[in-house]
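Please read them with the structure open.

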Amino acid sequence: MASRFVKEKLAAAGDDLGRALRVLRDRGPSQVQFWFIALAIGVAAGFGAVLFRWGIEGLQAWAYGTDDVDHLYSFALNMSWYWVLVIPIVGGLVVGQILHHFTPDGRVRSVADVIEGAALNDGRVERREGVTSAFASLITLGTGGSSGREGPVVHLAAVISSWVSNKLHADGITGRDLLGCAVAAAVSASFNAPIAGALFALEVVLRHFAVHAFAPIVIASVAGTVINRLAFGDVTEFSLPVSSALAFYVELPAFLILGLLCGLIAAALMRSIFIGEDIASHLQQKFNVPRWLRPAIAGALLGGLAVFFPHIIGVGYETTSAALTGKLLLWQAVVYAMLKVVAVVITMAGRMGGGVFSPSLMVGALTGLAFGTIATSIFPEVSGTSALYALAGMGAVAAAVLGAPISTTLIVFELTGDWQTAIAVMVAVSMSTALGSRLVDRSFFLTQLERRNVHLAAGPQAYLLAMFRVSKLMRDKDDESCPSEEELWELVEQGVYVDGNATLETAMPLFERTGARFLPVVSLSGEDAPPELWGALMHVDALKAYNRALAATAAEEHS
């Protein structure tokens with residue numbers, strides 16, 4: 001009897017669990033359930049970030065033959081030159097083969113694709129390409145590529161949240177919130193920065209601070225931080241010397257000037273990457289270079305540069321730390337900053353993978369150190385140490401590149417553990433972001449998307465139009481409410497029509513320019529073939545769809 005009773009209870013419990021899972025899948029999670037899902041995603045993304053970091057360190061240790069990857073630059077100084085040259089080439093060959101066979105375009109996915117997924121794809125990203133990109137970036141960073149690990153980690157976390165969203169049949173709001181949770185946990189686990197991780201997800205990826213998203217994102221961010229501290233301990237990425245006092249009123253103008261300089265440096269870094277990509281693509285097409293060979297050529301250029309300046313290898317935390325502690329001379333800071341920009345351009349133009357956050361930290365720290373060395377030598381009586389300027393410069397360049405002044409300011413504090421110089425960093429960050437955002441399309445990631453004709457920088461009023469296909473909103477030509485075929489063909493003959501495969505992004509300017517109440521919708525099969533009439537897009541239908549989308553976006557951002 002007891003055994004039968006237990007079996008019945010277990011069967012009933014199994015049925016209840018099955019019903020709960022079906023409800024969760026069909027109706028979406030409740031608030032409490034969502035918090036537990038956020039926790040699970042935070043743990044998964046945290047483990048993904050930690051394993052990614054371990055993978056890079058393990059590959060670096062094996063490839064370069066060192067047990068201390070934190071001092072890879074110092075170790076590479078004494079390596080045989082041919083190993084320093086060959087390792088990035090081999091890494092580039094492997095990366096090229098991976099991207100050639102597992103991505104349709106040979107391009108590494110990164111933070112820009114996550115932002116696009118949040119805005120236009122209900123919080124989903126490409127999963128196969130995302131995993132491939134993470135693996136390629138791991139090899140790049142492990143074999144000397146000069147980029148950062150945050151981009152691949154963020155996209156890898158987005159792959160995890162996309163899988164969960166698909167399993168739950170999550171709507172757009174839920175999918176975006178889950179994506180924010182994954183991103184927050186990944187950033188937190190990468191840098192031991194729970195506050196900045198949560199704000200990065202809200203400020204950079206979701207691009208709003210809605211209350212409904214805040215609690216689950218914080219939960220996931222804390223989970224990612226716990227995973228990091230279990231793996232690496234509760235330590236900061238950089239150790240600074242004893243904080244120096246800031247002569248607030250006297251020295252503050254120097255940080256304003258530093259912020260403007262860093263805004264220019266950040267813009268130069270971003271534009272150099274884009275120019276490098278264009279030049280590399282042009283040369284690849286001109287000389288008919290196979291796309292799988294492009295990363296290997298970049299690896300050869302990197303290896304040749306690293307033979308003489310091995311500080312460009314990998315993430316570059318050793319050099320960044322040296323700048324923050326004032327251990328570099330003025331000429332070293334200037335030369336290393338310039339060469340790091342060159343190395344990042346080569347890595348990105350070669351489509352080797354990786355992110356831009358860590359390189360921007362290094363360039364910013366070197367810029368700040370160079371500026372601080374000059375400033376403190378001119379006014380030694382009223383100045384702090386040059387290391388203080390390095391810290392402010394690090395945050396200022398990174399903030400302008402990411403277009404994220406709030407989360408970048410906080411992540412600099414959490415990376416260093418130094419909260420005494422907050423005002424100096426905030427002043428420099430505000431000035432650099434204000435200037436840098438006007439020299440590009442707000443940030444590196446949004447400019448990347450603009451170059452792909454994905455217009456997110458202008459806000460929802462611009463990109464929402466691209467979400468509606470004309471064919472989904474048109475009235476069929478056989479519909480009684482559709483204008484007559486004679487009226488439609490008359491407009492077609494005047495050259496006023498829209499392709500059925502186009503979006504409202506094409507149709508709305510045409511409405512504005514012609515003042516028409518409707519547009520013929522046609523299928524364009526070829527240059528010589530006549531257009532096939534599908535129906536009509538009514539101006540009022542387009543406006544209704546657009547207004548509903550704007551209202552839904554506003555409701556999500558203010559809920």
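This is a predicted model: local features need pLDDT of at least 70, side-chain atom pairs count only at pLDDT 80 or more; totals for chains, interfaces and linings use all residues.

1. The chain has 24 helices and four strands. Of its 559 residues, 54% count as buried.

2. Contacts and surface. Take the contacts in the chain with a separation of 6 or more: 78% of them join residues 24 or more positions apart. The accessible surface is about 24,600 Å². Carbon and sulfur atoms hold 62% of that surface.

3. Helix α8. This helix covers residues 172–191. Does its length fit its residue count, or what span should we expect? At 1.5 Å a residue, its 20 residues should span 28 Å; the end C-alpha atoms are 29 Å apart, so the two agree. The helix is mostly covered, with 19 of its 20 residues buried. N192 follows α8 and has a positive phi, near 55°.

4. Largest cavity. The model holds two cavities of 30 Å³ or more. The largest has a volume of about 80 Å³. Its lining includes E150, V187, F191, F200 and F357. L402, S407, T408 and I411 are also among the lining residues. α8, α9 (194–206) and α17 (405–416) each supply at least two residues. The largest share, three residues, comes from α17. By class, seven lining residues are nonpolar, two polar and one charged.

5. Second largest cavity. This one has about 30 Å³ of space. A45, G48, A49, V153, L156, A157 and I160 line it. α2 (31–64) and α7 each give at least two residues to that lining. α7 gives the most, with four. Six of the lining residues are nonpolar and one is polar; none is charged.

6. Second largest pocket. About 450 Å³ of space lies here. The lining has 22 residues in total. Which of them lie nearest the centre of the pocket? They are R107, E277, R351, Q448 and R452. α19 provides the largest share of the lining, four residues. The classes here are seven nonpolar, seven polar and eight charged.

Note on methods. Residues are numbered from 1 along each chain as its sequence is written. Side-chain values use heavy atoms; hydrogens and water are left out. On a 1 Å grid over the protein atoms alone, a cavity is a set of points where a 1.4 Å probe fits but cannot get out, and a pocket is an open set with protein on both sides within 12 Å along at least five of seven lines; lining residues have an atom within 4 Å of a point. Grid points are joined across faces, edges and corners, and a volume is the space filled by probe spheres set on the points. Ala, Val, Leu, Ile, Met, Phe, Trp, Tyr, Cys and Pro count as nonpolar, Asp, Glu, Lys and Arg as charged, and the others, Gly among them, as polar. The expected span of a helix is 1.5 Å times one less than its number of residues. Buried means under 20% relative accessible area, exposed over 50%, partly exposed in between (1.4 Å probe, protein chains only). Contact means heavy atoms within 4.5 Å. Accessible areas come from the Shrake-Rupley method with a 1.4 Å probe; for residues, only the protein chains shown count as cover.
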